[in-house]
Amino acid sequence: MIKLFNHELSGNSYKVRLMLSLLGLEYEVVDIDLKAGEAKSPWLLKMNPLGQIPILMDGDLVISDSHAILVYLARRYGNEDWLPVEAVSMSKVIEWLSISANEIQNGPCTARLYFVFNAKIDLDLAQQRAHEVLKVIDKYLQQQDWLVLNRPTIADIACYPYIGLAPEGGISLEAYPNVVAWINRIKGLTGYIGMPGL
Ligand SMILES: N[C@@H](CCC(=O)N[C@@H](CS)C(=O)NCC(=O)O)C(=O)O
């Protein structure tokens, strides 16, 4: 049985819940109380020394980091639809995983932390970074429906949550019609599930 160490409002945890649902996999949820510091408890640090969720357990296997988990689930339970292995397509998927972990994390994700988790961050800088990456993605999605190839891949699943949640960080998506259309395409996928704010 797959077990997911999770928090309902964590977009990184939601990436994994969404992927599990799109793949039609059953799993057990263990909710971690981030506010009480449970992510830094000794038993959790044994699984992920960084003290972060999501963490996925599949039998004896333990994997942390939302993107590593998406790669694992796609290869283990999906087929090449979700993570193509052809050299060029695969490198493009990885490029978007990196954009998710950098530009999206430092932009819309960080701005949301200010409002939802009372984090002490530079809100102006995070919002400015969010608009920079949103402009790039909106232009990109003028040409195509999905981030890589002409179908959904884990690139879309990795980037979607914190872009969809950008309004919770005070970032309007009004100026990005191609991003909004892409969000609606993701919401229409068979097996789609939402989270609070989406
Ligand atoms: N690179 C990691 C980042 C994970 C992360 O930042 N997790 C947050 C919740 S979204 C966390 O566990 N923070 C620890 C804490 O708040 O103590 C991933 O993609 O999974």
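Reply: One term before the strands: two strands pair if DSSP finds at least two bridges between them. Strands (E, at least two residues) and helices (H or I, at least four) are DSSP runs, numbered from the N terminus. This is a predicted model, where local features need pLDDT of at least 70, side-chain atom pairs count only at pLDDT 80 or more, and totals for chains, interfaces and linings use all residues. Residues are numbered from 1 along each chain as its sequence is written, and side-chain values use heavy atoms, leaving out hydrogens and water.
Me: OK, how many bridges join β1 to β2?
Reply: There are 5, and β1 (residues 2-6) runs parallel to β2. Within that pair, F5 stands opposite V30 of β2.
Me: And what order do the strands of the sheet come in?
Reply: The order is β2-β1-β3-β4, an open sheet of 4 strands with mixed pairing. At the edges are β2 (27-31) and β4 (61-64), each pairing on one side only.
Me: Switching topic, where is D81?
Reply: D81 is in the loop between α3 (66-77) and α4 (87-116).
Me: Is D81 buried or exposed, or in between?
Reply: D81 is partly exposed, because its relative accessible area is 39%; buried means under 20%, exposed over 50% and partly exposed in between (1.4 Å probe, protein chains only).
Me: Which residues does D81 touch?
Reply: Leaving out residues up to four places away in sequence, D81 touches R151, P152 and T153. Contact here means heavy atoms within 4.5 Å.
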